[in-house]
Amino acid sequence: MHPRTAPSTRTSTIVRIGLAGAAALALAACSSGGAPASTGGAEGEAPAAVTEVSVIAPADPGGGWDQTARAIGQVLTDTDLVSSAPVENIGGAGGTVGLASLATETDPNTLMITGSVMVGAVETNASEVRIEDMTPIAKLTEEPLVIVVPADSPYESLQDLVDAIVAEGQGLAVTGGSAGGIDHILAGLLLTEAGVDAAEVPTTLNYVANSGGGEALTMLLGGTVQAGISGVGEFSESVLSGDLRALAVSSEEPAQALPDVPTIQDEGIDVTLTNWRGVIAPGGITDEERTSLVDLVTQLHEQDAWTEMLDTNGWTDAFMPGDEFDAFLADDITLTQETLRTIGLIE
């Protein structure tokens, strides 16, 4: 294990991504969007139970958002919390295509997966529709990222890979999720921690965005790219089969699904970053409609079947409902904006 370097101001900011912000400023920031500030119904009136719900995965089939959406739908129906929970994939632009679709959704009982990737993509794509315009329902999970290379790669360690990127620049390609998303942020942080000036990160890093699912694996095994970054759940099977070599995970502790893979900090680079996922609903729904959805997702979280889903996929339980998620989201958006500026991805 390499010694850990002293934390820098930049990395301290990143470590806080994924932690709740409870300040009044954060609450005000999200309450100014499409989400109602209160989660309660009229006094003495219980919110109506949700019997059917639609779930949107704002990405192509096969990736982390799709896996999360289908896990939600399966648990909701298998436990009879709802009679139906169909999943629709609306991929593109780091989830902002799905976000734009949700903005026009008329069915209040619609849940869309969101997370760190979308927060970053909204900023880098200058999306006219923002997450703040929607209704936060709950944060559900956190997942570490993993940096991988093909099994026959010459890069035996994370430091080998970082040194090669710094030396070769655009000659070495790294694939990850959407531009500006958490995978891209992690790649940028690795370079700035290696001494690359923030202004030079966009020209030094040859980042190839993919749409999720099997696209990244195809690129890696086909030699189109030399390294990849994604959630542990998306690459763990290929690592365990021997097709890919995992260099490091981005959590503070080793990942449950890849317990033998060192953390980035173990490799001597002071970066910690986790990918959170949650659900939002259309903006402008009533307090009662929001409360009903928060109650439904709370019941989902309480199911043994959901706990089994977390274990199976290597997801960490990070449940945070209603107003608490509202505050966290406002804080995370602010921190992501600061980080994207730090690594030179936005001005």
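User: Are Trp276 and Phe325 buried or exposed?

Analyst: The model is a predicted one. Residues under 20% relative accessible area count as buried. Trp276 and Phe325 are both buried.

User: How does one describe the geometry of two such rings, and what is the angle between the planes of Trp276 and Phe325?

Analyst: Two numbers characterise a pair of aromatic rings, namely the separation of the centres and the angle of the planes. For Trp276 and Phe325 the values are 5.7 Å centre to centre and 80° between the planes, an edge-to-face pair. The partners come from distant parts of the chain: Trp276 belongs to strand E9 (residues 274–281) and Phe325 to helix H13 (residues 322–342), 49 residues apart.

User: Which pair is tilted?

Analyst: That is the pair of Trp306 and Trp315, because the ring centres are 6.4 Å apart and the planes meet at 45°. Trp306 has a relative accessible area of 0% and is buried. Trp315 is also buried, at 4% relative accessibility.

User: How many aromatic pairs are there, and which residues do ring pairs link into a cluster?

Analyst: There are four aromatic pairs. Ring pairs join Trp276, Phe325 and Phe328 into a cluster. Phe328 also has a charged neighbour: Lys139 lies over the face of its ring, 4.2 Å from the ring centre.

User: What is the overall make-up of the chain, in terms of helices and strands?

Analyst: The protein chain contains 13 helices and ten strands. It has 347 residues, 54% of which count as buried. The accessible surface is about 13,500 Å², and carbon and sulfur atoms account for 49% of that area. Contacts can be read by sequence separation: of those between residues at least 6 apart in sequence, 80% join residues at least 24 apart.

User: Which residues line the largest cavity?

Analyst: The lining consists of Ile147, Leu158, Leu161, Val162, Ile165, Val174, Ala187, Leu190, Leu191 and Ile229. Helix H6 (158–168) and helix H7 (182–193) each contribute at least two of the lining residues. H6 has the largest share, with four residues.

User: How much space lies in the largest pocket, and which residues lie nearest its centre?

Analyst: The largest pocket holds about 380 Å³ of space. Of its 29 lining residues, Gly177, Ser178, Asn210, Ser211 and Gly212 lie nearest the centre. Two or more lining residues come from each of H3, H7, strand E7 (227–231), helix H10 (232–241) and E9. The largest share, three residues, is that of E7.

User: Where does Gly228 lie, and which residues does it touch?

Analyst: Gly228 is part of strand E7. At 0% relative accessibility, Gly228 is buried. Leaving out residues up to four places away in sequence, Gly228 touches Val146, Ile147, Val148, Val174, Thr175, Leu220 and Phe235. Gly228 can also be placed against Ala187: the two are 41 residues apart in sequence, with 9.5 Å from C-alpha to C-alpha.

User: Which strand holds Asn275, and what does Asn275 touch?

Analyst: Asn275 is in strand E9. It is buried, at 5% relative accessibility. Beyond residues up to four places away in sequence, Asn275 touches Ser116, Val117, Thr141, Glu142, Glu143, Leu145 and Ile182.

User: What is the phi of Ala126, and where is Ala126 placed?

Analyst: The phi of Ala126 is positive, about 50°, although Ala126 is not a glycine. Ala126 sits in the loop between helix H5 (116–124) and strand E4 (135–150). At 62% relative accessibility, Ala126 is exposed.

How values were computed
Residues numbered from 1 in each chain as written. Predicted model: local features only at pLDDT ≥ 70, side-chain atom pairs only at ≥ 80, totals over all residues. Heavy atoms only, no water. Phe/Tyr/Trp six-rings, centres within 6.5 Å; stacked < 30°, edge-to-face > 60°. Buried < 20%, exposed > 50% of the residue type's maximum accessible area, 1.4 Å probe, protein only. Lys NZ or Arg CZ within 6 Å of the ring centre and 35° of its normal. Contact = heavy atoms within 4.5 Å. Areas by Shrake-Rupley, 256 points an atom, 1.4 Å probe, with all protein chains shown as cover. 1 Å grid on protein atoms, 1.4 Å probe; cavity = no way out; pocket = protein on both sides within 12 Å on 5 of 7 lines; lining within 4 Å. Points joined across faces, edges and corners; volume = space filled by probe spheres on them.
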